[in-house]
Amino acid sequence: MSTIPPSSQSPPLLNNESLFAVPEALLKGTMMTKVSEKRQKRVLFQLDPDGGCIIYKSRKTGPVALETVKEIRSGASTRYYRDQFKLSPGMEKRWLTIIYILDGAYKTLHMVADTHETFVMWDAAVRKLVAIRQGLMIGLGNVDVRETVWARQYWKGADGDGDRKLSLEEVERLCWRLNARFTRHELEKMFKDADPTSRGHLDYNGFQSFVRTLKRRPEIEQIYKDLCDTNGGKFDFPAFEKFMKDTQHATVTSTENASAPASDAPPPSTNAHTSQSTIPDTIQPPVLTLEGFSSFLLSPENAAVSEKNQEVWQDMTRPVSEYFISSSHNTYLVGHQLIGVSTVEGYIRALLHSCRSVELDIYDGDTEPVVFHGKTLTSKVSVRDICSAIAKYAFVTSPYPVLISAEIHCSVKQQDILVQIMIEVFGESLIRAPVEGRPRISVLPSPEDLKGKILLKAKNLYVVAQLEALRSKSPTASPAKELDVLEADTSSDSEDEEESGAKKLSGDIRQGMQELKEKWRRVRGTSSTDVSKTKGKVKMSFKLVSLLVYTVGVKCHGLGKEHGYAPEHIFSLSENKMNKLLKTSSTMRDLVHHTKDHMVRIYPKGTRVSSSNYQPHRFWAAGAQVVALNWQTFGEFSALCAGNRVCLNILIRNLDLGYTMNQAMFQRNGRAGFVLKPDALRGNEELLSKRSKHALEITIISAHQLPRLKDKRGQEVIEKSIVDPLVQVTLHIPDWTHPPFALQAGSTMSSASATVSAPEDSVPSSLRVVTERTRAVQNNGFNPIWRETLKLPFDVVGGKEMLDLVFVHISILEDDYDEEDVEPIAVYCTPLSCLEKGYHHLPLHDSQFSQYLFSTLFVHVQTIDE
C-alpha cells in the first residue's frame, strides 16, 4: 500500500534524464483488464511521462492527469474493491487502483495486469511520476525540476504530429493554450528571434529560446533595476542585506565577512521562524544577477508562508484542550447529507489530509454494527471496514492522536460487538481503561502523550441519566436565576435543535452532582434508587464505557466553574446554538474560559443538507477546539430510493469558504492536524482587553500562467478568447466587537475605501468581511500585470497571535465573474499571521484547494499599524 498524502517535504531532486525514464513497454502501451462495478474490459494503457498522464480509450473520461492523483493503492490495499466487485483473490497481486479528481469529483481507475512483471513496472513508474508532480504542488520549491516538467509537457503538447519541430502555427496554438495573446506581427518576431538560421521551424533548443522570451518578467526586472540604482548600479551582499532587512523584513547573516550572495549558487537559506537568512561562507561571488534574484524570489527560502515547508515546530506537550484540531462531520458521507453514499473513502480522504477527528453514526446491523446517517436515504457501511480504514490511514500523514466522535444508536449487544471490533482492529493504539478504580484526571494529556493513539468520544448515558434524575429533584429557582440548558449533547442533525429551559441548580444539588461524578465509574445498575429508576432508559454497554477515558460526552447545562465539568468531559453544540452563545456577554466569556482546559465540539446545523459549511474562525475565536466541517463538499453521488437505483448526479462545484479556511489553517505546523491556540485563548485572558488597529497593504503586481478552464473529461478548453482577469482580496475577521472582544466606548473601525460586510450565512455581526478588487487586465491570462495597491483595514483583540484567526482569501476572477454560476480562475487562502512581508509569489489553487503546478501570483505585502 502506498499513499500520496499532503507532505511538508519535496521529493529528492533527480537528474533530468531519470525524471522521465520509464520502461519502453509502458510508453508503447500494455493490455490490461480495466475493472468496474459493472464489467471487466480489456484496454490498452499507456504512460506518458512528458505529458504527465495515463492514456486509455474511454467515452466518458480523457487521460488521467498525474497531478490530479490523490492516492495509489496496489496489492492487498485494493482488497476492499475486489471484495466489492466479487472478483478472484488471485487478481489482488496484480491490481492497481488510481484515485484521482475529475471535474470536482473523486474517481477510481482499477487496472489488473496480466503478469506480475507488468504490474511491477506500472506500479513503480506511476508512483515515481506522481511523486515528482505531487512534490511540486506543496509550494514553490524545486525550481529546476518545475521548469523541466513545464518545458517537456508543453513541448509534447505543442508538437502535435511528433516530428520534433514546431511550426509558426503550432507555436500560435501553444500561446492560445497558455492564455497568452500576441498580434501576428509580435508572434512572428518572437518566432524569428528563436530561429536565427531561418529554418522556418523551432527544434527543442529553439523552443526553449522562445519560452525564455515568453516568460520574461519585466516587473521583476524593474525591481532589480531599482535596487541596483540605490546601490551604485550593483547588487552585492550589502545591497541584498539591505533588501532583506528593509523590504522583506528578514535579516541575513554570514559566518565570514562576505561581499555578496552567489550569482551561480542556490539562494540563501531562510529560517522562517527567526526571519533570518544565512549565506554560506564558502561561495560568495561579488554580485547577484537578475537571474539569481528572480530565482530567489521564487525559491522556498522566500516562501510567502513561513511555515509552508516546515515540519512540526509548535510545542506539542501542552494539554490537548489548548489546540485547534482538524475535524470532520459525518465523515462517512461523500456527498449529500440526505442521499449521499456512506463509504470508507470519506475516512481515508480526511485522514490523508491530516484530519484528526472523524465521526461515526452507529446503528444495529444484521450481525455487526453499521454506519449511516439516521432517518435519511444514505447507504450503509460496516463499522469493521471503517475501523480497518482508520487503523491503516490514521498516522500516514500525522503521528498525532485521532479522535473518533461516535453517535451510538445501536443495542447493548451490538455495542459489545463494536467494542470487540475496535479492540481487535486498533489493538494497543486504542485508549481504554477499566471503569472501576480509574485515577482522577486533573488535566488532559498532550498530543505528544497521545501520539499514535485512537480515542473514542461518545455520550456517557449513565452520567447523563443520573444527572437528569438528580436535576428533577431540584427545587424551583428564582426566575432571575433562570439559565438556558443547551441540549446539544450529540451531533445528530435529526434531533430537535430548540433549546429547553431549566432552573439553575441550587448549591446542595451541585454538590450532589460532584459526588455523583466521583461514583459513576462504580455503577453497575443496582447501586442506588435513582439508578434503578433510570435503568430502563439507560441502554449502554459497560464495555463501551471503558473506552471513554479522556473524551467523555456529556450534555451542556451551562458554563462556569459552578457546573463542575471534569477535564475529560466534552460536549457538542450545533452552529445555531453556538451562534446564540456568541451574542451573550457572560456566556461568551465563560466559553473562552471553559475551553482553556475543556474540549468543546461544534458541528454544522441540520439544514446544511448539501454539505455546505459555516466559517470556522468565528468558533475558533471563542476557543472551541473540535470545529467539525463537512469534508464532502464536492463530488458526484448516487442513492438507493424505494428499492430502485436512482442516480442523482449532484455536483457541488464551488468548494465553500469554510472548508478552504480549514485546509489553510491546518497546512500549518507540519500538517500535524493540531495547531496551538493563541495565548489569549489558553489562559492569558487579560490580553482580550487589548485591542489594536491595523491595515493589510497588498500590492498585486502580476500573475503567471493562470489555468485554463477544463471540460468534464478533464481536458483544457482551448478557445480563442483570452480571459480578462482581476484580483479580489478579502479579509475574514472574527467579530472582535462582541464580548469579550469589546471595542472601547464610542470607537469605530474605519474601512477606508474597502467594502465591509457580513457573510450571508452568518448571524448578524458575527464576523466581518473586508474586500478590495483590482481593475481587470484585458486579454491576458499568461502574465497579466496590475501593479495596484489595495488597503484593507482590520482590528485585533488579544495580541498578534490572534492574527491566526484573520484569514486572507485571494481570488483570481474573470471580469464578468458571476459567483452563482462560475468558479474563480484560481484561489489562495492563508491565516494573516502566516503571510510574510515583502515580495512573494503565492502558489494558486483550484476550488478543491489543490495547488496548480505552474500558476502563481506575485505580490508585495506589508501590515501597517494604525
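**Notebook: cavity lining and aromatic rings**

I sorted the lining of the second largest cavity into 12 nonpolar residues, one polar and one charged (nonpolar: Ala, Val, Leu, Ile, Met, Phe, Trp, Tyr, Cys and Pro; charged: Asp, Glu, Lys and Arg; polar: the others, Gly among them). The model is predicted, with pLDDT of at least 70 needed for local features and 80 or more for side-chain atom pairs, while totals for chains, interfaces and linings use all residues. Numbering runs from 1 along each chain as its sequence is written, and side-chain values use heavy atoms, without hydrogens and water.

I found eight cavities of 30 Å³ or more; a cavity is a set of points on a 1 Å grid over the protein atoms alone where a 1.4 Å probe fits but cannot get out, and lining residues have an atom within 4 Å of a point. Points are joined across faces, edges and corners, and volume is the space filled by probe spheres set on them. Closest to its centre, of 14 lining residues, are Val-320, Leu-403, Leu-455, Thr-551 and Met-599.

I then searched for aromatic pairs and got 27 (Phe, Tyr or six-membered Trp ring centres within 6.5 Å; planes under 30 degrees apart stacked, over 60 edge-to-face, the rest tilted). Trp-150 and Tyr-154 form a tilted pair, 4.8 Å centre to centre with 35 degrees between the planes. Trp-150 is buried at 1% relative accessible area, and Tyr-154 is buried at 5% (buried: under 20%, 1.4 Å probe, protein chains only).

I also looked above Trp-150: the charged end of Lys-215 sits over its ring, 3.7 Å from the centre (NZ of Lys or CZ of Arg within 6 Å of the ring centre and within 35 degrees of the ring normal).

Note on methods. 1 Å grid on protein atoms, 1.4 Å probe; cavity = no way out; pocket = protein on both sides within 12 Å on 5 of 7 lines; lining within 4 Å. Buried < 20%, exposed > 50% of the residue type's maximum accessible area, 1.4 Å probe, protein only.
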